[in-house]
Amino acid sequence: MLILVEADPPAVSRRAAALVADLITRNPRAVLGLAAGATPRGLYQDLVRRHGEGLDFAGLTVFGLDEYVDLPVDHPASCTGALRHALIDRVNLEPSRVHLLDAIPSGDVTAYCTAHERKIAEAGGINLQLLGLGMNGHIGFNEPGSSLSGRTHPVALTASTRAVNRPGFPFPGEVPTAAVTMGIGTILDARLVLLLATGAAKAEIVAQFIEGPLTARVPASALQMHADAVVLLDEAAAAKLRYRDDYAAEAGVRAQLVGKSATVPSSA
């Protein structure tokens, strides 16, 4: 993993947007995996601004990372709604190239998940997968204990995740108990993974997944196995890292190489 630390959340968003925009410029037909949640919002805002200045999204293909089960897509807390509001409906993405985990069936969810994986393969694989970080170390909705080689699948949400999500739902009984998510194996197949984490509340879990053991109990630790994973932190989220100087030295050496593998053209 390449660890990059910026001063504050706006600086993290700007750095992330610069990386994504550079990829789009070098590979206009790239395939992106999009994460919802609060942390990437600034990144999406910056990409929308860059679109207004000429950044072209027309050739891109995008995939949703996760979605709640039994939640209308127009619900303000849905991942689909968040992605459409923050980015998809504000840039010139071709609708036929947008593949979100919406309209999850009440019946054969396994077939639905298999179809999502098939679409990713048909697009040539994901060039860049964006991620946030859950308070319990989840990436996507891969909760602690998830398979480190799993593919897109349904998952029961833990009590801690539901507690974090509660502000998005007016009544406690509305908080979803299940979701569908790309698996950790799907995420690791992306040519480049870009994880954003900000704020002091994330400092402990950031230190665990970067410097702790590789373990399914901290799903984000699977990124230790990825050859081209970039973790973008603000100072608050990086506060408990023990080897900051080493990461800064590594960043200085590798900064010009970040994301080069993600420019490999897709077959779509």
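Author: Contact here means heavy atoms within 4.5 Å. Helices (H or I, at least four residues) and strands (E, at least two) are DSSP runs, numbered from the N terminus. This is a predicted model, in which local features need pLDDT of at least 70 and side-chain atom pairs count only at pLDDT 80 or more, while totals for chains, interfaces and linings use all residues. Residues are numbered from 1 along each chain as its sequence is written, and side-chain values use heavy atoms, with hydrogens and water left out.

Reader: Which elements do the buried residues of α7 pack against?

Author: Buried means under 20% relative accessible area, exposed over 50%, and partly exposed in between (1.4 Å probe, protein chains only). In helix α7 (residues 203-211), the buried residues are Ala 203, Ile 205, Val 206, Ala 207, Phe 209 and Ile 210. Their packing partners are β1, β9, β10 and α8 (244-254).

Reader: Which residues touch the most other members of the largest nonpolar core?

Author: A nonpolar core is a set of buried Ala, Val, Leu, Ile, Met, Phe, Trp, Tyr and Cys residues joined through side-chain atoms within 4.5 Å. In soluble globular proteins, nonpolar side chains tend to be buried together. The largest core here has 46 residues, and those that touch the most other members are Leu 32 and Leu 47.

Reader: Which element gives the largest share of this core?

Author: Two or more residues come from each of β1 (2-6), α1 (9-26), β2 (31-34), α2 (41-52), α3 (79-86), β6 (128-131), β9 (192-197) and β10 (229-234). The largest share is seven residues, and the element that gives it is α1.

Reader: How many residues are in the second, separate core?

Author: Among the members of this second core are Ala 35, Ile 139, Val 206 and Leu 233. Val 206 is also one of the buried residues of α7. The size of the second core is 34 residues.

Reader: What is in contact with Leu 32, leaving aside its neighbours within four places in sequence?

Author: Leu 32 belongs to the largest core. With those neighbours left aside, its contacts are Val 20, Leu 23, Ile 24, Leu 60, Thr 61, Val 62, Phe 63, Ile 126 and Leu 128.

Reader: Which residues form the aromatic cluster?

Author: Rings of Phe, Tyr and Trp (its six-membered ring) pair if their centres lie within 6.5 Å; planes under 30 degrees apart count as stacked, over 60 as edge-to-face and the rest as tilted. The whole structure holds two such pairs. In one, Tyr 68 and Phe 141 have ring centres 5.3 Å apart and planes at 45°, so this pair is tilted; in the edge-to-face pair of Tyr 68 and Phe 169, the values are 5.8 Å and 85°. The one cluster is formed by Tyr 68, Phe 141 and Phe 169.

Reader: Is Phe 169 buried or exposed?

Author: Phe 169 lies in the loop between α5 (159-165) and β8 (178-181), 101 residues from Tyr 68 in strand β4. Because its relative accessibility is 4%, Phe 169 counts as buried.

Reader: Is Asp 70 buried or exposed?

Author: Asp 70 sits in the loop between β4 and α3. Its phi is near 60°, a positive value in a residue other than glycine. Since its relative accessible area is 71%, Asp 70 is exposed.

Reader: What is the volume of the largest pocket?

Author: On a 1 Å grid over the protein atoms alone, a pocket is an open set of points where a 1.4 Å probe fits, with protein on both sides within 12 Å along at least five of seven lines; lining residues have an atom within 4 Å of a point. Grid points are joined across faces, edges and corners, and a volume is the space filled by probe spheres set on the points. Of the 34 lining residues, Ala 36, Gly 37, Ala 38, Val 164 and Asn 165 lie nearest the centre. The volume is about 800 Å³.

Reader: Which element gives the most to the lining of the second largest pocket?

Author: This pocket has about 190 Å³ of space. Its lining includes Arg 41, Tyr 44, His 85 and Arg 90. At least two lining residues come from each of α2 and α3. The most, five residues, come from α3.
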